[in-house]
Amino acid sequence: MPVSVSRGLRGRGFTLLTPRNRYASRLPDVAGAIVFKLVTPRLAPARFGQYLLALEPGGGTTAPVAPGFEVFLYVLRGTVLVDHEAVGELAAGGFAYLPPDAAFGFTAAAQGPAELLWIKRRLEEWPGHGAPPPGAGHRDDVAFEDVPGVPGLRRRELLDPAERRHDFNMSLLRFDPGVGLDRVEIHDEEHGLYMTAGGGLYFLDGGWHEVVRDDFIYMAPYCPQSFAATGPEPAEYLLYKDVYRDGF
């Protein structure tokens, strides 16, 4: 009897999903697409959802996505047309933020398939601040900045980290080969991490785990974590992190 082997696993404070073991699903008003639910609040204590949508040419929403959640969209491959006045066409590397009162839709361009990351969560408004405005951009609009104290590590913030109406950040972290974080971090914020390039070893809750492009990691609050790029090319990941809230 053949034995199935996978790098994917669930630990006490994390879940590692690879393309081999994530499960294909569907959503009622999304056609011509496969939906991979990378994390939802069913995986306690997660307070957000992150989907990967594999869209056929012309695939997408068949009805507007109703308001209620704040949303971050990031195009991994192909081109996606987002039906919202503040967004429009997003090529690979394009992203958009939509506040909870926004209805929207999305469709892959007819010229080819696309892959889209869709993050959603309930906005935790801070008294006196209100909701952030909608916005869109491209990863190349924002320059990488060196991370102090870690040569070979650079970071791009896709949402303005000084905008305190946001309750989460989206960051791209890029590591030269052989470069890693300079510590094991343990903190209050939870993470959703999608590998966008390269690979390496991720330290999670006491053990090292191989990760490569298109892997996803959910890290719960206070999960010990670190990373080292061990491949021959730079490693990069897109990181969700909740911010500017006190956890209650």
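**Salt bridges, burial and strands, question by question**

Author: D182 forms a salt bridge with R183, with the closest N and O atoms 3.1 Å apart. The model is predicted.

Reader: What makes the link between D182 and R183 a salt bridge?

Author: The cut-off is 4 Å between a side-chain nitrogen of Lys or Arg and a carboxyl oxygen of Asp or Glu. The N and O atoms of R183 and D182 are 3.1 Å apart. So the pair qualifies. In general, side chains of opposite charge can pair when their charged atoms come close.

Reader: Is D182 buried, exposed or partly exposed, and how do you know that?

Author: D182 has a relative accessible area of 46%.

Reader: Why is R183 called exposed?

Author: R183 has 52% relative accessibility. Exposed means over 50%, so R183 counts as exposed.

Reader: How many salt bridges does the structure hold?

Author: The structure holds 15 salt bridges. One of them joins the side chains of R77 and D214 at 2.9 Å, N to O.

Reader: What makes R77 and D214 a link between distant parts of the chain?

Author: They are 137 residues apart. R77 is in strand β6, residues 70-77. D214 is in the loop between β18 and β19.

Reader: Are R77 and D214 buried, exposed or partly exposed?

Author: R77 has 25%, so it is partly exposed. D214 has 16%, which is under 20%, so D214 is buried.

Reader: Which residues are linked in a network of salt bridges?

Author: R47, E70, R121, E124 and D167 are linked in this way.

Reader: Why is S171 called buried?

Author: S171 has 1% relative accessibility. The cut-off is under 20%, so S171 counts as buried. S171 sits in strand β15, residues 168-175.

Reader: How are E157 and R155 themselves joined, and what is the distance?

Author: Their side chains meet in a salt bridge at 2.6 Å, N to O. R155 is partly exposed, with a relative accessible area of 25%.

Reader: How do you know that Y218 is buried?

Author: Y218 has 2% relative accessibility, and the cut-off is under 20%, so Y218 counts as buried. Y218 lies in strand β19, residues 216-219.

Reader: What does the side chain of Y218 reach?

Author: The backbone nitrogen of A46 is reached at 3.3 Å. The side chain of E190 makes a polar contact with that of Y218 at 2.7 Å. Beyond four places in sequence, Y218 also has contacts that include F14, V39 and H191.

Reader: How do you know that β2 and β19 pair?

Author: Pairing needs at least two bridges. β2, residues 14-17, and β19 have four, so they pair, in the antiparallel sense. F14 has M219 as its bridge partner in β19.

Reader: What is the order of the strands in the open sheet?

Author: Eight strands run β1-β2-β19-β16-β21-β15-β14-β13, with antiparallel pairing.

Reader: Why are β1 and β13 said to stand at the edges?

Author: Each has a single partner strand, so one side of each is left without a neighbour in the sheet.

Key:
Residues numbered from 1 in each chain as written. Predicted model: local features only at pLDDT ≥ 70, side-chain atom pairs only at ≥ 80, totals over all residues. Heavy atoms only, no water. Helix = DSSP H or I, 4+ residues; strand = E, 2+ residues; numbered from the N terminus. Buried < 20%, exposed > 50% of the residue type's maximum accessible area, 1.4 Å probe, protein only. Contact = heavy atoms within 4.5 Å. Polar contact = N/O pair within 3.5 Å; in protein donor to acceptor, adjacent residues only side chain to side chain.
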